Amino acid sequence: MKTQRILHGVSVLGLFLILFTACTKIDYTQIADPAYLRVFNNINYVQTMGSKDDKVPYFCMLINPKTGADGKFTGAEIIGDFLDKRDPYAPPYPSHIGNSTSLSNPEYPGKENVLVGPVLNGFDLSSWAQIPSGEVRIVFAYRPKNTVPFFELEERLRNDILIDTVINLQSKEVYTLHLLQKDFVKKDHGILLRQENFHKLPLSDSLVYVNFYNMSAKGFWEADASLKDDDYKLASFKYGIKDEMNVYMSLYESQEELSHYAATVKGYRGKFMSTIRRNTSSDVVSSYASFPLWASNHANGIRTSIWERFDFFAPGMNPVTNPFYDSDRNTGSNWAVLNCLLNGKVGLTSNENGTLLPNLLVNVHSGKDNPRTFATVNTIEVVNGRVYLTTIQRKYAPPIY
Amino acid sequence: MNRNIKYKMSQMRFIGCFFVYLFISILQSCKHDNLTMPVPNENIRPAADFIHNNYEMRLFDAALQKTGVAMELNEAGPFTVLVPNDLAFNEIGIFRPTDFDKMNKDSLRRMIAYHILPRRLYLRDIPSNAVDFRYATLEGSELYASIGSIMPGATSPSNMLFFSGAKAIRKDVVLSNGVLHVLDKLMKPQFEKNIQEWLSDKKEYTVFVAGLKKFGLWDQLAEKGPFTVFAPTNEALEKKGITMSFLDSAVPQRYIAEVLFGAYIMYDKHFFISDSQVFSIINSNGSYKYHLKDNIHYMEYFANEAYPTWKMSYYMKLRSNDTFYSIILADISYSVGAKMDYLCSNGVVHDLDQGLVSPDQVIKKEENEK
């Protein structure tokens with residue numbers, strides 16, 4: 001009895017101890033009427049002899065900056081520092097956080113620890129930051145590529161502003177903001193704010209959606225090849241694509257056959273998808289084209305191994321009338337190829353001219369199935385000889401181990 | 001009773017034996033090795049003392065003594081000292097300490113102060129594959145550090161480190177008040193002097209200067225730039241038929257000025273010769289190819305440390321255009337390290353002992369047809 005009473009006493013004391021020490025007051029940050037914003041820096045740079053003396057497009061983004069008495073910036077409501085050039089692949093969840101030790105941020109919010117969007121109509125918006133809605137002033141300031149936060153830099157390094165403008169954001173809307181080169185010859189820069197609509201569309205979860213943009217600078221494809229990034233991985237995209245292009249898609253049966261001669265899904269060889277026009281100013285969302293997730297006869301309703309190849313052809317050409325050799329890289333900007341398979345790092349072994357990006361389909365452990373293939377909503381953007389893929393994914397059932 | 005005592009006795013004997021054995025074993029186990037504690041090395045000297053006691057750095061030491069920087073360098077610091085070895089001084093014609101007496105003491109002091117950073121900068125502090133990473137010097141201006149890192153983080157990494165074009169041939173020598181790197185040549189900052197001022201001071205480039213003036217390329221060299229100029233000497237131009245008397249009689253409109261004299265100028269670039277070496281490590285491509293300002297002639301530039309001397313050399317190949325079958329107008333190389341990398345306020349100047357084109361190679365088409 002006695003020991004029992006002591007035990008009771010001790011446990012009650014322990015409970016109190018835990019209760020009182022555990023009480024830390026947390027002030028949750030809240031944004032009353034948020035819009036959801038994701039920012040990409042599409043201005044690319046390469047480290048070569050020729051570009052040694054060029055200014056590195058490495059920025060600090062300031063939203064609603066505060067200015068001191070002398071008109072210099074002293075702080076901002078939202079700071080997106082260390083904004084680097086964007087990654088070729090923008091994954092459906094902010095995976096950068098756990099995958100690198102570098103401060104450089106391939107997108108905003110990216111690695112920033114900020115309030116992010118909710119799950120909206122089934123779409124996980126954790127890659128979109130919450131931003132106060134209404135008119136906000138947005139500034140992109142050049143900064144040196146180092147690890148010193150913007151407002152700890154010397155004053156003289158904080159005055160080089162690329163863009164200082166006002167954007168209007170509506171409450172609970174989803175936006176992507178692109179920092180772009182608008183004119184390749186004059187080296188003009190600007191921004192493009194696009195109000196996304198994927199969360200409002202009645203999209204089926206057994207169809208894979210993709211839309212296309214060409215946000216290249218004016219005069220890029222016409223420019224001399226020596227002025228373009230010398231990167232063999234860009235393959236046929238290096239020289240840029242013409243201002244109007246038709247996109248055709250082929251669905252290949254298996255990611256294990258790394259060849260553009262491999263078997264395609266019936267009905268999906270050189271299928272017309274969309275027409276894209278070069279555009280660096282209009283914020284209109286391109287319409288989504290789609291293909292069935294289970295297009296292949298080999299799919300079992302849980303997993304499929306199909307991958308996508310996109311051919312961009314100038315009007316008048318198509319996969320049947322294609323006048324070029326499969327391995328031609330310099331096609332006069334008339335034909336460019338994009339292969340979307342595996343993780344976007346494994347090239348085809350056949351002699352062809354495609355650049356690489358990850359597969360549009362997402363395979364993850366969900367429920368009892370490991371992996372299970374999910375349909376996604378995608379955006380493919382061509383910017384000055386580079387191609388970028390943004391994948392948005394729906395919420396899926398958690399894995400059961 | 002008797003039995004009881006006997007038992008106790010044996011017990012005590014047992015305990016006694018136990019303790020004896022224990023004692024012995026304790027003594028046995030106590031093997032007193034002479035433990036050496038890592039004592040900080042008290043023989044590490046401050047910067048000036050270290051340099052003073054190093055036979056490879058006698059001339060730099062003499063310069064430190066002469067300018068009085070030596071006193072400063074023995075203070076608390078921290079300092080990073082970039083020491084050109086004696087060979088580097090020999091290359092620019094300084095062989096004994098008294099040679100410094102011919103020089104202006106203040107400008108020597110400035111030059112020496114440019115070789116000292118008021119910080120402790122180890123190799124590991126410079127970001128790998130950094131190009132033109134700037135550090136403030138004791139002089140007040142900035143120097144440019146570039147590093148090409150092969151296998152950074154590996155057990156035997158290879159790092160090519162350059163300061164304003166001079167290679168660090170020995171890195172991370174620890175001093176009590178900083179760190180020291182040995183350079184294979186002097187850094188040659190010209191401080192406030194721009195390229196125009198620098199060129200007009202030198203009598204070996206008078207023909208080049210006169211040519212630039214005559215062909216309307218001179219004024220721009222006082223502007224912001226940056227430029228990289230490969231300055232041909234008078235003898236070099238003479239071999240190509242360009243002399244003062246030629247310039248006096250020449251009609252500028254007859255020639256393509258952007259090639260005749262513009263070929264020696266790279267616009268919007270400031271290249272140290274070592275940059276090619278750094279970029280060939282960073283992205284396997286240290287060459288720079290560009291059209292001259294006439295948009296037809298094509299230059300291929302490259303530099304590396306080449307067999308058999310392993311001296312840093314640069315190569316320029318001028319072609320009539322950028323096609324495969326173009327005519328090669330000039331194909332030159334240059335490897336006098338001591339006369340490269342004059343860092344002016346608006347670019348870099350390198351000496352060149354060969355001319356690129358002769359006037360009759362760049363006569364304008366219309367003129368030719370007449």
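**View 1. A:Val383 stands opposite A:Arg386 in strand E22 of chain A.** In this predicted model, local features need pLDDT of at least 70 and side-chain atom pairs count only at pLDDT 80 or more, whereas totals for chains, interfaces and linings use all residues. Residues are numbered from 1 along each chain as its sequence is written, and chains are lettered from A, with ligands numbered from 1, in the order in which they are written. The two residues of the title belong to a pairing between strand E21 (residues 376–383) and strand E22 (residues 386–393) of chain A, which is antiparallel and runs over eight bridges. Strands here are DSSP runs of E with at least two residues, helices are runs of H or I with at least four, and both are numbered from the N terminus; two strands pair if DSSP finds at least two bridges between them.

**View 2. An open sheet of five strands in chain A has the order E4-E22-E21-E12-E15, with mixed pairing.** Strand E4 (89–90) and strand E15 (289–292) of chain A stand at the edges, and each has a single partner strand, so one side of each is left without a neighbour in the sheet. In a regular strand the side chains alternate between the two faces of the sheet.

**View 3. Strands E19 and E20 of chain A form a hairpin with two residues between them.** Strand E19 (residues 362–366) and strand E20 (residues 369–374) of chain A run antiparallel and are joined by four bridges. A:Ser366 stands opposite A:Asp369 in E20(A), while A:Gly367, in the turn, has a positive phi of about 60°.

**View 4. The largest nonpolar core has 95 residues, and those with the most contacts inside it are B:Ala47, B:Val83, B:Phe163 and B:Ala231.** A nonpolar core is a set of buried Ala, Val, Leu, Ile, Met, Phe, Trp, Tyr and Cys residues joined through C-beta atoms within 7 Å; a residue is buried if 20 or more other C-beta atoms, placed from the backbone, lie within 10 Å of its own. Helix H3 (residues 58–67) of chain B gives the largest share of this core, five residues. Domain 1 (47–187) and domain 2 (195–369) of chain B both contribute residues, so the core lies between them. Leaving aside neighbours within four places in sequence, B:Phe163 is in contact with B:Leu82, B:Leu143, B:Ala145, B:Ala168, B:Leu183 and B:Met187, where contact means that the C-beta atoms of two residues, placed from the backbone, lie within 7 Å.

**View 5. In chain B, 14 residues of domain 1 are in contact with 13 residues of domain 2.** Strand E4 (142–150) and strand E5 (158–163) of chain B each supply at least two residues of the side of domain 1 that touches domain 2, and E4(B) gives the most, with four residues. The domain bounds come from an automatic or database domain assignment, and the C-alpha centres of the two domains of chain B lie 30 Å apart.

**View 6. Where the chains meet, 16 residues of chain B are in contact with seven residues of chain A.** Helix H12 (274–282) and strand E11 (288–291) of chain B are the elements that give two or more residues to the side of chain B that touches chain A, and H12(B) gives the most, with four residues.

Note on methods: Buried ≥ 20, exposed ≤ 12 C-beta atoms within 10 Å, placed from the backbone.
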